[in-house]
Amino acid sequence: MATVELLGLSKAYGDVEAVADLELSIGDGEFFVVLGPSGAGKTTTLKSVAGLVEVDRGDVVIAGRSMRGVEPYHRNVAMAFESYALYPQKTVFENLASPLRSGRTGRYSASDQQQRIDAVTTTLGINHLLKRFPRELSNGQRQRVALGRVLVRPADVYLLDEPLSHLDAKLRAQMRAELKQLGEMSNTTSLYVTHDYQEALALGDRIAVLRHGRLVQVGTPHEIWRTPVDSFVAKALGQPEINIVDAEVADGRLRAAGGAIDLPAPQHLDLAGGRARLGFRPRDLGLVRAGATAPAGDVVLRGRVGLAERLGRLMEFSVDVGGTDVIVVADSDAGAREGDVVDLHVPLTDVHVFAAGPAEEDTLRLGGAAVREPAQERS
Amino acid sequence: MAKEMKPGQKRVTAGSVVADVMILAWFVFSLFPLLWMLLLALKNDADQTSTYFAFSPTFENFVTVLSQRGQDLTSVNFGQAMLTSVINCVGAVLVSLVVGVPAAYAAGRWKYRGSEDLMFQMLSFRFAPELMVIVPLFVIYNTLGIFDTKVGMVWVLQLVTMPLVVWILRSYFQDLSPELEQAALLDGYTRIRAFLTVALPLVRPGIAASALLAFIFAWNNYVFPLILTDSAATTVTVAVTKYLGGGGQAYYNLTAAAALLGALPPLVLALTIQRYLVRGLSFGAVKA
């Protein structure tokens, strides 16, 4: 149990900045998720905390102690590698016993070791694999063993590098649920790296979003989801991606898609320059037949369904609104078919307003289209 | 009528017949010197210059090479020369492994300014003809008093074997994921223990392969022992040629017998070590 602070952490590989001036403060016992696309510097961040990467500038502070010049084996951190990094010449049991036998994580008698390993393998459902070698395991089993080698020992910090990434979708969802219930996890400060926004939202006490080695936003899952700091964060979360359309400000209105999208310009936002971008998440939009009544106060966009894909109970529609394609995920009960004219409606609180900018470039979020931001649900 | 083909059966075509004949021809061509040497070793003194395949074979030559008579003919004790060769080569291989394995690990793991140049420099020892350096070496050896000693031979032979060991093992270490050692560091092991307990056991096939190759190269070396030894530390490669008779009669049959005997130790070693030469020990360590 310990706090972790990253103070101006910087690391470059040649000309490529893997991590630049990263400042993070992680609380005792917190489950902290680092989210970002590949190449964002997530693994470099973890390995810097572990002491496996020599940082160029900045410092890592664990439990109030600077880690400058401290060897990895003196830091009392445990790490699950994305590649598993299981010892191929050792059985699962020996792999799990390895941290207990080094003498640096505490002294354990043979029966203590047995007991700890039994406890961990039972939790992870791998106690029938103890005599096997890593090459005889499936990827899902290897990932569990790698996780077991972390959980088997007491540590100040757990570092988890995409521990669920190579599982198939079903097992991933199952393991995600299991991870959250592991007692060891909830008691130990954990730094969890992932590129999967669902994992981040489901597991994180707080989330840090990284891009090109720089911190974009830190916040609770609710904050990150409801008030993304810019269009990059908004696009990083949610599948399908958030719809973003260019809009013009005139006469106190925000208009986009040739006037097919028209809503009152929020007075509390600085929309100088006469241009902005609007964002709607596919799941925040409702879909009704053209002319049917939408909930009061919602913005209504009329369009024609171009493509309808069934996802199960839900359907994904691509709707042509004034020449702009808007993606909507709605209940299949809506009954819309390809070619139908429909009305999309969205509450003002779910309309994100971003600053205008050059195409293909991410811009800051100015705020919501409603006068007030939605109330913060703190957990 | 077309016949049903069994699995594994190949259709016989003109092309495949030609290919087989060519392979066979190449086989005969490349193995014929060996066969000739074997026949020569089995001939008695009267038959040794004949080119007939028909003769009454004898094992006398092998006995002669290993006996006092052989020593009288050449002033070299062949058994002693064999033993010296073994000591020299094992010594050179051991030195190469003790120094070369850590060197290969360092070279495989860390890049720094000039590291590639250093590796190339080491390899360049193998480019230069041995004859180019033999005269200065001869002078140096005489000055240091290690002419015709086993220590001197080990020293010069490890120049031959070390680059091999370092270059072969470097690629084995490079194939190994550094995350394995990183995992060991986080398990609480020091860098040296991580190297010894994690990395080293996984390159055992590489160690076996490079040690074998190094041994063969050292064993076959001729120029260094020819110039840098006299009688006390002379090796089997030099001893074999003594039967060609420096001034006296040339015994081709004895030369062939001695050469065959001299080829045995590397052969036996290769067969023994063969089962360690499998790759893929590290399979399953990291995701493919």
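Student: Which residue stands opposite A:Leu191 in E8(A)?
Tutor: A:Phe32 does. Helices (H or I, at least four residues) and strands (E, at least two) are DSSP runs, numbered from the N terminus. Two strands pair if DSSP finds at least two bridges between them. Here, strand E3 of chain A (residues 31-35) pairs with E8(A) in the parallel sense, over five bridges. This is a predicted model: local features need pLDDT of at least 70, side-chain atom pairs count only at pLDDT 80 or more, and totals for chains, interfaces and linings use all residues. Residues are numbered from 1 along each chain as its sequence is written, while chains are lettered from A and ligands numbered from 1 in the order in which they are written.

Student: What is the bridge partner of A:Leu160 in E8(A)?
Tutor: A:Tyr192. Strand E7 of chain A (residues 157-161) is joined to E8(A) by five bridges, and the two run parallel.

Student: How many residues of E8(A) are buried?
Tutor: Start with the cut-off. A residue is buried if 20 or more other C-beta atoms lie within 10 Å of its own, exposed if 12 or fewer, and partly exposed in between; C-beta atoms are placed from the backbone. In E8(A), residues 189-194, six of six are buried. That covers both faces: A:Thr189, A:Leu191 and A:Val193 on one, A:Ser190, A:Tyr192 and A:Thr194 on the other.

Student: Now chain B. Which elements does it have?
Tutor: It has 13 helices and zero strands. Of its 288 residues, 34% count as buried.

Student: What is the radius of gyration of chain B?
Tutor: Take it over C-alpha atoms, then compare with the globule rule, 2.2 Å times the number of residues to the power 0.38. A compact globule of 288 residues would come out near 19 Å; chain B has 25 Å. Along the principal axes, its C-alpha atoms fill a box of roughly 85 × 75 × 30 Å.
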